[in-house]
Amino acid sequence: MFSWLSEPMEPTTADVVVIGLGPGGEAVATKLANSGLTVVGVDRRLVGGECPYFGCVPTKMMLRAAGALAEAHRVPMLAGDVSVHPSWNPVADRIRDEATDDWDDTVAVKRFEATGGRFIRGTGRISAPDEVTVDTDAGQQVISVRKGIVLNPGTEPSIPPIEGLAETPYWTNRDAVQAREVPDSLIVLGGGAIGLEFAQAFARFGTTVTIVEAADDILPASEPEAAEIVAGVLRSEGVDLRTGVTAQRISHDRSGFAVGLSDSGRVTASNLLVAVGRATDLRELGVAAAGIDAGARTIDTDEHLRAAPGVWVVGDVAGHGAFTHMSMYHADIVVDDIIGDGELTAEYHAVPGVTFTDPEAAQVGLTEAAARAQGLDVHTGTASVPSTSRGWIYKVGNEGVIKVVADAERGVLVGATVVAPAGGEVIGALAVAVHARVPVASLRRMIYAYPTLHRGIEDALNDLSLE
């Protein structure tokens, strides 16, 4: 996959070393190199991170294709007759050729090196204060750091200690994205965003799908209304949802996988996808050498993303959301702190996130439960998407809800959820409202274009009482 050859292993120095060149790390390294600093970027994986090769981009290509199939099946209810014959080949080809260059990051490496930065393929770790050691195929490279170290290690799929699992040819998201054929049947362990997106995409291409989720609902971090609607749609498309149960034992033979469940049930399939979460090995990253707790799940930082003197953290491992947009947000703050005036600081009261099922499930800020847990005077308002003007016009494929969560004492929204076609776009207006703390009274005086999906925000606000 890679043609890069290691440079000689003599000790070297740099102003900044960036360990991990995912979206945020690559942005930090590029901007610092363009500013004139000597920058070394280190990554054992593909430059650009999980998102362009195994996450955001290829999975949304899968979902775009699956959505086209779903729309075709709605034609008889809207426009006449249609015959649909699914083929996975265009999807697999597009992922390989357009999204990932056949999982080759040569272009990304050259783009970074064109800034004057130096790239080392290997596993980097903090080996002492102001020092990074990189293990490469050719040996160890020790780098003395003059200005700082930036950590953007990303995450690896979490593999639960289920009896028998390790001995089986299970999939993670990386395997699923590279599939050249649609599996006949699929068990998905995990009912979060990753699991649901793969489940719906494959199901729409003809795979028999079973989802096993330990929590009582799918999307356990979302509003229960969102989980209920998405679950209903998945079930209507033939997906078998098993919630409130865990996988106890897993076996594999020529006929496929068998999973024994905690409720004494048993499910079988030709393939198994593990999508129960992601994690970072902080010990491997050597953070203890900088005085950072290596036993923690994430790294605590201040508002400038500083984790220790001369150490900054970007992305998932900072613990404020495993999103590409969070990583990019962090990148600007870190760059400003290293070469700017340090005025940029991180705020997390309006973090948006989208699960790209159909309908899309988007949220920003706090859920109702999270707001109540903070002791706020919580009031909510909801609107059914099928009852809105645009939702009614859609007729089919229009399932959804818009929910707003307000702090009545301050008269502002602290959170919102949109489940709808293009819900990830509709949430944008509510993200502005939550981020800028726009008074509910001002939101109610806005003009909402008719007939749009975002006009449903007005309906949800009309259902909201701050008395």
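The points below take up a helix, a disulfide, a pocket and several backbone features of this predicted model.

1. Helix α4 spans residues 89-99, and its buried residues are V91, A92, I95 and A99. These four residues lie on the same side of α4, because they cover an arc of only 100° around the axis. In general, an α-helix has 3.6 residues a turn, so residues three or four places apart point the same way. The face turned away from the buried side carries the exposed residues P90 and E98.

2. The cover over the buried residues of α4 comes from elements that include α2 (50-54), α3 (56-78) and α6 (173-177). Two of these names return below: α2 and α3 are among the elements that cover α4, and α3 also contributes to a pocket lining.

3. What follows α4 in the backbone? The helix is followed by D101, whose phi is positive, near 50°. D101 has this positive phi although it is not a glycine, and its place is in the loop between α4 and α5 (106-113). With a relative accessible area of 41%, D101 is partly exposed. Most residues other than glycine have a negative phi, and most peptide bonds are trans.

4. L219 is not a glycine, yet its phi is positive, at about 45°. This residue is found in the loop between β9 (208-213) and α8 (224-236). L219 has a relative accessibility of 6% and therefore counts as buried, whereas D101 is partly exposed.

5. The structure holds 1 disulfide. It joins C51 to C56, with an S to S distance of 2.4 Å. The torsion about the S-S bond is about -135°, so the disulfide is left-handed. Are its two cysteines buried or partly exposed? C51 counts as buried, at 14% relative accessibility, while C56 counts as partly exposed, at 30%.

6. Helix α3 supplies the largest share of the lining, 7 residues. By residue class, the lining divides into 8 nonpolar, 3 polar and 7 charged residues.

7. Which peptide bond joins D358 to P359, cis or trans? The bond is cis, with omega near 5°. P359 lies in the loop between β18 (352-355) and β19 (360-365).

8. P451 has its place in the loop between α14 (440-444) and α15 (456-462).

9. E409 sits in the loop between β21 (401-407) and β22 (412-420). Its relative accessible area is 70%, and E409 is therefore exposed. The C-alpha atoms of E409 and L376 are separated by 7.9 Å, although these residues are 33 residues apart along the chain.

Terms used: Residues are numbered from 1 along each chain as its sequence is written. This is a predicted model: local features need pLDDT of at least 70, side-chain atom pairs count only at pLDDT 80 or more; totals for chains, interfaces and linings use all residues. Side-chain values use heavy atoms; hydrogens and water are left out. Buried means under 20% relative accessible area, exposed over 50%, partly exposed in between (1.4 Å probe, protein chains only). Helices (H or I, at least four residues) and strands (E, at least two) are DSSP runs, numbered from the N terminus. The arc is that of the directions from the helix axis to the C-beta atoms. Contact means heavy atoms within 4.5 Å. A disulfide is a pair of cysteine sulfur atoms within 2.5 Å. Ala, Val, Leu, Ile, Met, Phe, Trp, Tyr, Cys and Pro count as nonpolar, Asp, Glu, Lys and Arg as charged, and the others, Gly among them, as polar.
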